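Welcome! Open your viewer, get your selection tool ready, and let's take a short walk together.

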Amino acid sequence: MNSTQITDFNGTSCIKLCAGGYSALIAYEIGSNVIRLHDDKNNIEFFRFREDNSADNIRQSAEVWGLPTLYLPNRFADGVLKTSDAVYQLPVNEKAPYNNHIHGFLHKRVHTLSEYGSDEKSAWAKTRYLYDENDEFFQYLPVKFLAEYTFTLSESGLRQDIKFTNLSDKMLPMSLASHTTINSPFVYGSKEEDIRLIVPAGKKCELNERCLPTERLLEPSEYDLGYRTGKKPVLVNVDNDMYTGEYTTLNGEKFHGVIAEDISTGKKICYEVSEEYKFWIIWNDKGFNGYFCPEPMTAMIDAPNLSLPADVTGYCEVKPNESFETYERFFTLI
C-alpha cells in the first residue's frame, strides 16, 4: 500500500513517502533535503544517513547529508556574481586561500510543504520556498523567485522535479546543483572496496589552486577515462574531479547520469539527470568518511564570471515571469 505521511525525524518535521518498494524521508524544513532514500526490498541505502543523526547536526552541515539542492552552487571568485543586468557582491564564506562564496543559501532554508498524497501508482509531495526581502541573503542578491519541488516515489524510484520562477523585474542568474551524498557502502553487509562509480566523463575542467576554472577544457587522461568504465570512489582522496557530462549506457540504452555498482553483488544505484545538467563534479571528503558525492551541475563553477561562452559554461538567466525546470531520478537495478 502506497502512503504519504507527516512525521518527525529527531527534531525536524518531514514527509515520508512509501511506494514501489522504496521509502523516502524529505526534510522540508532543511531545504527540502531528501535525508533518506531506501530500497526496502533490496536493503539499499542510497544516501548518507544515520538513524540517530540530529536535525541540528544536519542543519549545521546540510551539504553532506542526503540529497541537498544548492542554489547558487559551488564557488564564485571573491563573492562576485556578474549577470547581464547587474553585478552582485555575495558574502565570502570560504576562507583563505580560496576566498570564494560557496554553495549559496537555499539548502539551509525552511521550506513549506504545500501538497502531498498517494494513490495506487505512487506517493508524492510538493514543497516550495519563496525567496524575497524576508530572506537575510536578499541584501546580496535582491532578485525575488519561487523555488518549487515535486517528489514522486513509485516503482520507477524517486523523481525530483525542481522549478524556479523569476518573480522580479531583473534577470535571475541560474546555476543549480545537487550535492548528492551516496552512502558507502550502500548495500548492507558489503565492503566499500567493492564500490565502482561510472561517470560519463567528457572533457576535464581544469581547476586552479582556489578550485576555480582556468577555462581550459582538457582531453581526458588515463585517470579520467577510468570513470567511464568504473572507478573506486572511496578509500582514496577524490577532490573535485570536474567533467563535462556525456552519456553512458544502461541495459544497452543511452543513459544521462551516473551509476554506482557494488561489484560483489551486482546491485546498482542509478542516478539519472535531465539535459539541463551539463557537468559532473566528483568529491568524497578525503575518501574515508562513509560517503561520496557525484554532483550534477547545470553550469560550471564561477560560470557567470568566466570569459567562455554560455553554451560552454552552461550558465543561463531566467527572464522576469519565466521559469527554469530540471529533474533527477534515483532507482536500483539488481
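Start by showing the side chains of tyrosine 188 and glutamate 45: they make a polar contact with each other, at 2.7 Å. Keep in mind that this is a predicted model.

Stay with tyrosine 188, which sits in the loop between strand E17 (182-183) and E18. Then select asparagine 42, which is 146 residues from tyrosine 188 along the chain, although their C-alpha atoms are separated by 9.0 Å.

Next stop: helix H2. Select residues 222-229 and color Asp224, Gly226 and Tyr227, the buried residues of this helix. They lie on the same side of H2, because they cover an arc of only 145° around the axis. Which strands do the buried residues of H2 pack against? Show E18 (195-198), E19 (201-207), E21 (241-245) and E26 (279-283) to see them. Turn to the face pointing away from the buried side, and you will find the exposed residues Glu222 and Thr229. After H2 comes glycine 230, with a positive phi near 125°.

Finish at asparagine 284, in the loop between E26 and strand E27 (291-297). Asparagine 284 counts as buried because its relative accessibility is 0%. Look for a polar atom of its side chain 3.0 Å from the backbone nitrogen of valine 238. Beyond neighbours within four places in sequence, the contacts of asparagine 284 include Pro233, Val234, Tyr291 and Phe292.

Methods
Residues numbered from 1 in each chain as written. Predicted model: local features only at pLDDT ≥ 70, side-chain atom pairs only at ≥ 80, totals over all residues. Heavy atoms only, no water. Buried < 20%, exposed > 50% of the residue type's maximum accessible area, 1.4 Å probe, protein only. Helix = DSSP H or I, 4+ residues; strand = E, 2+ residues; numbered from the N terminus. Arc of directions from axis to C-beta. Contact = heavy atoms within 4.5 Å. Polar contact = N/O pair within 3.5 Å; in protein donor to acceptor, adjacent residues only side chain to side chain.
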